[in-house]
Amino acid sequence: METKSSQGLSVKKSEDFSKWFSEIIEKSDIVDLRLDIKGFMVFCPWGATILERIFRLFSDELERKGHKQTFMPTVIPEENLKKESSHIAGFTPEVFWLKEINKEKLALRPTSETLYTPMFKLWVRSHRDIPLKLYQRGSVFRLDTKATRPLIRTREILWIEAHDAFATKAQAEAQVQEDIQITEEIMHKKLGIPFLPMKRPSWDKFAGAEYTIGSDVMMPDGKLIQQPSTHLMGQKFSKAFNATFKNEKGKEEFLWTTAYGPAMSRILASVIAMHGDDKGLVLPSSVSPVSIVIVPILRKENKELVIKEANKIKEKIQELGLKVELDISEKSPGEKFHIWELRGVPIRLEIGENELKAKELTLSLRTSDKKEKIKISELKKLHTIIDKYDQDLVKKADNSLKGKILDAKNKKEVLEILDKGCIARVNFCSTDEQGAKCAGIVEKEMNAEVRGTMANKKESASGNCLICGKKASEIIYIGRSY
RNA sequence: GGGGCUGUGGGGUAGCCUGGUUAGCCUCAGAGGUUUGGGACCUCUUGACCCCGGUUCAAAUCCGGGCAGCCCCA
């Protein structure tokens with residue numbers, strides 16, 4: 001397949017992150033941007049396989065937590081979309097409208113609350129039917145902005161959306177916390193991407209939600225990117241759709257609903273940005289299409305023998321349950337090394353004459369320049385080596401966030417912190433509508449955003465709002481974002 | 001939302017200002033051969049001016065529009 005992987009990267013990550021990112025996503029065969037449909041992406045096999053693995057991490061975790069898979073239509077009738085007033089108000093500018101069919105206007109779904117809630121109405125009749133925890137994988141479409149960016153800001157979003165229905169507000173809020181736990185399990189523990197769970201200010205919540213908690217991840221340039229967000233919809237949608245259930249006393253009540261949405265390509269963008277280096281991608285084994293690549297070192301006179309032995313090694317590794325590939329293409333060994341490093345495979349094994357004699361393979365970790373040896377009789381150790389490789393990625397990522405959140409007392413300090421590529425932690429008047437004016441000033445004067453309050457721990461303000469000087473009610477975080 | 005820059009074989013580019021020969025270079029790809037321990041070499045070959053319109057004897061080059069990308073500002 002003819003992609004752009006034939007050449008290495010021309011810029012360093014530390015020198016021009018933006019250019020590095022644009023280059024790496026094409027050269028490591030993640031995407032091919034040449035189809036040129038603004039905001040829409042072609043994923044190459046390598047990139048698509050990684051996406052698929054991220055999808056599975058989330059769907060497996062959701063199912064462990066009691067969610068069941070569904071598939072909803074890709075289109076939404078205008079009537080449904082309009083039912084909840086703040087929802088349609090928020091999404092109207094972003095909707096791709098299809099043509100009218102039988103006098104009914106259809107929208108490409110921008111999100112699926114208005115498909116799930118009418119089904120909740122049908123599927124939930126008594127308290128015995130809840131909690132009902134559902135999810136689907138698929139695309140949603142948002143005619144967002146002209147400023148699209150590959151993987152990060154797209155008009156077709158490949159994601160999972162979970163929609164849950166409960167009997168009480170407390171249960172729904174517990175689900176929101178569980179969603180943050182799911183994000184922790186996958187984003188942080190599996191993919192090595194630390195995040196800040198931020199309860200968004202009311203002016204920045206999901207259209208139709210009571211409140212929204214977004215996961216902010218810091219990119220290497222210091223800018224924040226929103227990863228999976230979870231929303232307490234409360235009874236707004238259930239009231240709009242008249243979705244009720246009979247409680248234990250036989251009385252009709254409205255459902256309490258939540259929604260959770262991890263976007264795969266955006267998560268992939270964070271994986272690339274967090275771990276990648278000047279040689280290319282660095283993938284956690286949980287998402288790498290292969291964990292181990294075997295490169296045979298061939299000579300004319302030993303070619304058949306080495307390939308035969310390499311195949312045996314491959315089978316042994318497969319029996320260990322590891323994903324392995326043997327590269328017998330005609331390229332020179334050096335070129336193969338570069339290509340597999342560009343693609344981010346965690347472990348490379350070399351096998352040639354020397355290895356056959358010594359009964360041990362040469363092993364290189366993607367994250368190290370050293371070459372080590374591993375005895376052919378001790379291939380089981382590969383499990384431990386991969387586990388340590390993954391843990392090291394998490395540790396390194398955690399360290400990258402250390403010292404990046406700094407307290408500030410006034411505007412000047414906030415600006416200094418932002419210019420250093422860090423996040424400012426400040427006293428703020430309010431995250432309700434009264435605070436919107438101050439947030440506007442933050443946006444205008446600092447080119448930054450009020451990201452919200454910490455969602456998983458209580459922090460109480462002690463001073464005055466750094467913008468208006470009134471008594472502060474919250475500690476909030478200010479950052480620049482994608 | 002406003003502004004700027006850009007678009008040349010699969011990838012990267014020169015040429016454009018000042019219109020005029022067969023559109024140059026690197027790389028990749030295909031065929032054949034020699035090779036293979038960190039991007040091997042030789043021979044031959046295919047392949048391009050983003051799209052639509054305008055000006056002109058003549059457009060990659062100038063003008064208008066579209067599409068797409070990158071950057072800056074709100």
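**From one residue to the rest of the model**

Modeller: Neighbours within four places in sequence aside, Ile 292 is in contact with Ile 317, Leu 322, Val 324, Ile 347, Leu 349 and Leu 382; two residues are in contact if their C-beta atoms, placed from the backbone, lie within 7 Å. This is a predicted model, in which local features need pLDDT of at least 70 and side-chain atom pairs count only at pLDDT 80 or more, while totals for chains, interfaces and linings use all residues. Residues are numbered from 1 along each chain as its sequence is written, and chains are lettered from A and ligands numbered from 1 in the order in which they are written.

Ile 292 is among the residues with the most contacts inside the largest nonpolar core, which has 122 residues; Ile 54, Leu 268, Ile 272, Ile 294, Phe 428 and Ile 478 are the others listed. Such a core is a set of buried Ala, Val, Leu, Ile, Met, Phe, Trp, Tyr and Cys residues joined through C-beta atoms within 7 Å. Helix 8 (residues 264-275) supplies the largest share of this core, eight residues. Helices (H or I, at least four residues) and strands (E, at least two) are DSSP runs, numbered from the N terminus.

Five strands make up an open sheet of mixed pairing, in the order 16-15-17-18-19; two strands pair if DSSP finds at least two bridges between them. Strand 16 (324-326) and strand 19 (371-375) are the edge strands, each pairing on one side only. From one strand to the next the twist averages 30°. Strand 17 (residues 347-351) and strand 18 run antiparallel and are joined by four bridges, and Glu 350 stands opposite Thr 362 in strand 18. Helix 9 (residues 303-319) lies across strand 15 (292-296), strand 16, strand 17 and strand 18, at about 170° to strand 15. Axes are lines fitted to C-alpha atoms, for helices over the stretch in contact, and angles run from 0 to 180 degrees between N-to-C directions.

Helix 10 links this sheet with other elements. Its buried residues are Ile 339, Trp 340, Glu 341, Leu 342 and Arg 343, where buried denotes 20 or more other C-beta atoms within 10 Å of the residue's own, exposed 12 or fewer, and partly exposed anything in between, with C-beta atoms placed from the backbone. The buried residues of helix 10 pack against helix 1, helix 2 (45-64), strand 15 and strand 17. Just after helix 10, Gly 344 has a positive phi of about 85°.

Helix 10 also gives the most to the surface near RNA strand B, with seven residues; near means that the C-beta atom, placed from the backbone, lies within 6 Å. There are 36 residues around RNA strand B, of which Gly 8, Lys 38, Gly 334, Gly 352 and Asn 354 come nearest. Helix 1 (17-27), helix 10 (333-343), helix 11 (353-358) and strand 18 (360-365) each give two or more residues to this surface. By class, the surface has six nonpolar, 14 polar and 16 charged residues; Ala, Val, Leu, Ile, Met, Phe, Trp, Tyr, Cys and Pro count as nonpolar, Asp, Glu, Lys and Arg as charged, and the others, Gly among them, as polar.
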